[in-house]
Amino acid sequence: MRIALLSGEYPPQPGGVGDYTRCLAEALGERGHTVTVLTIQERRLRLYGAADLPEQPFDRLDWSLRCWPAVIDALDRLRPHWLHIQYQTGAYGMRPGVNLLPWRLRALPGRPRIAVTFHDLLTPYLFPRAGPLRRWVNWRLARDADVVIATTAADAAHLSDLYQLPLMMPHCLKRFQALCCPAWQSTIQNLKSKMVLHAHVIPIGSNIPVAPPAGFERAAWRARLGPDVSGRLVAFFGLLAPSKGLDVLLEALARLDPSWRLVIIGGAATAPQDVAHAEAVRALARRLGLASRVHETGHLAAEEVSAWLLAADLAVLPFRDGASFRRGSLLAALAHGCPVVSTLPADPATTEALGPAALLVPPNDPAALAAAMVALAADDPARARLAVAGRALAARFSWGAIAAHHEALYEGRSRGV
């Protein structure tokens, strides 16, 4: 099967969705499929995995409607059976070109089938006071796809609730239905049921294999931070974006004695608001007197990320919106057996599944976070239990299983199932 994966970011660009797309492409390739990744880098459409295709004439591209001719030209040359859009609002610069791309492709003969994976449910910015139109373009993206995928059951439920009808129509139908006779009420209910969006759930996996550099030694790796790293080493993994809660972790670290050190594995995202947030976080570290206790690695190769996760005593991931299985950084920490302290998920099912494998505290609570870190650092048996449970939980999200699930969806939908 020929599969084109469209992503707003892709290595060497930093970002979890790009890493996810790379892992998915490799896993699908191992199952015998021909996979090409389409992304925009340096204002041009880049095709990874496509051999012997000449350079495109299109330049100065972004993810607005300007990208359509380049994407359509690439699809004409690749002739994929499926175009699979990996959608995360921020990865496309808050532009609506990809949101409306399936609608544009439907008018073309011989178009590929279209799948969309929603990696988050944020709406694009568009322009000031766009209001309901922001939600409409996401609704359009979901509605015009042949297959819609969410990475968690909670996101799938939200997709079904939010995007079954455009804008305010659900409320209008509900009021109209209440005024109708029983026969009309049944007709309206049937209409509503036909418009419900069904989202399949396929979880993500860890983007970082447990594979440190050859000759890795934990003590030697920790010594890279200096000879005085004799206390506790905490790892934070991920881009410095507002939702990650790194500022909360810094405030928690300031409550602990100076033997606690923090390694930030990653760096700032490229969006202007994320760059500004990263500078604000660094300024906070200086104000709290933590500059000598915090080390930021910048973007690293996967093997170096693996080494830091194996070298740390704890992984602390204080997500503002709660821990979620759509967080690749969380799955990477679990897979490495690094005891995790994170925040209570919004979804009770996620709390139940994650509870045995992580110590969970309320979001945005530096005092509770600091107390949890101290308690876990002092409890060797608890850390050992979390490490074992974390590895077992992460093993459920293997890339082989993820690729097989995608393959079954592609093949089933191609047969009209």
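## An enclosed helix: H12

Helix H12 (residues 328-335) is largely enclosed by the rest of the structure, because seven of its eight residues are buried. This comes from a predicted model. The buried residues of H12 are Gly328, Ser329, Leu330, Leu331, Ala332, Ala333 and Leu334.

What do the buried residues of H12 pack against? Three strands take part: S8 (233-237), S11 (314-317) and S12 (340-343). Helices H11 (302-311), H13 (348-354) and H15 (380-395) pack there too. After H12 comes Gly337, with a positive phi near 70°.

Helix H3 covers residues 97-105. Seven of its nine residues are buried, so H3 is largely enclosed by the rest of the structure. The buried residues are Gly97, Val98, Asn99, Leu100, Leu101, Pro102 and Leu105.

The cover over these buried residues includes strand S1 (2-7), strand S4 and strand S5 (113-118). It also includes helix H2 (68-78) and helix H4 (132-143).

## The chain as a whole

The protein chain has 16 helices and 13 strands. It has 417 residues, and 52% of them are buried.

Contacts across the sequence can be counted as well. Take contacts between residues at least 6 apart in sequence: 75% of them join residues at least 24 apart.

## Two helices side by side

Two packed helices are described by the angle between their axes and the distance between the axes. Helix H9 (residues 246-253) and helix H10 (residues 272-287) have axes that come within 10 Å. These axes cross at roughly 5°. H9 and H10 are therefore roughly parallel to each other.

Which residues make the contact? H9 supplies Leu246, Asp247, Leu250 and Glu251. H10 supplies Val281, Leu284 and Ala285. By class, the contact has five nonpolar residues, two charged residues and no polar ones.

## Aromatic rings

The structure holds 10 aromatic pairs. One of them joins Tyr87 and Tyr92. How far apart are the two ring centres? They lie 5.7 Å apart, with 15° between the planes, and the pair is stacked. Tyr87 and Tyr92 are both buried.

Tyr87 and Tyr92 also belong to a cluster. Another ring has a charge over it: the charged end of Arg224 sits over the ring of Trp221, 3.6 Å from its centre.

Gln86 lies in strand S4 (residues 82-87). Is Gln86 buried or exposed? Its relative accessibility is 0%, so Gln86 counts as buried. Leaving out residues up to four places away in sequence, Gln86 touches Leu5, Leu6, Ser7, Gly8, Val17, Tyr20, Thr21, Leu24, Tyr92, Thr117 and His119.

Arg22 is found in helix H1 (residues 16-30). Arg22 has a relative accessible area of 21%, so it is partly exposed. The cut-off for buried is under 20%. Again leaving out residues up to four places away in sequence, Arg22 touches Tyr10, Pro11 and Asn207. Arg22 and Pro11 are 11 residues apart in sequence. In space, they are 7.7 Å apart, C-alpha to C-alpha.

Technical notes: Residues numbered from 1 in each chain as written. Predicted model: local features only at pLDDT ≥ 70, side-chain atom pairs only at ≥ 80, totals over all residues. Heavy atoms only, no water. Axes fitted to C-alpha atoms, helices over the stretch in contact; angles between N-to-C directions. Helix = DSSP H or I, 4+ residues; strand = E, 2+ residues; numbered from the N terminus. Parallel < 35°, antiparallel > 145°, perpendicular 65-115°, else oblique. Contact = heavy atoms within 4.5 Å. Nonpolar A, V, L, I, M, F, W, Y, C, P; charged D, E, K, R; others polar. Phe/Tyr/Trp six-rings, centres within 6.5 Å; stacked < 30°, edge-to-face > 60°. Buried < 20%, exposed > 50% of the residue type's maximum accessible area, 1.4 Å probe, protein only. Lys NZ or Arg CZ within 6 Å of the ring centre and 35° of its normal.
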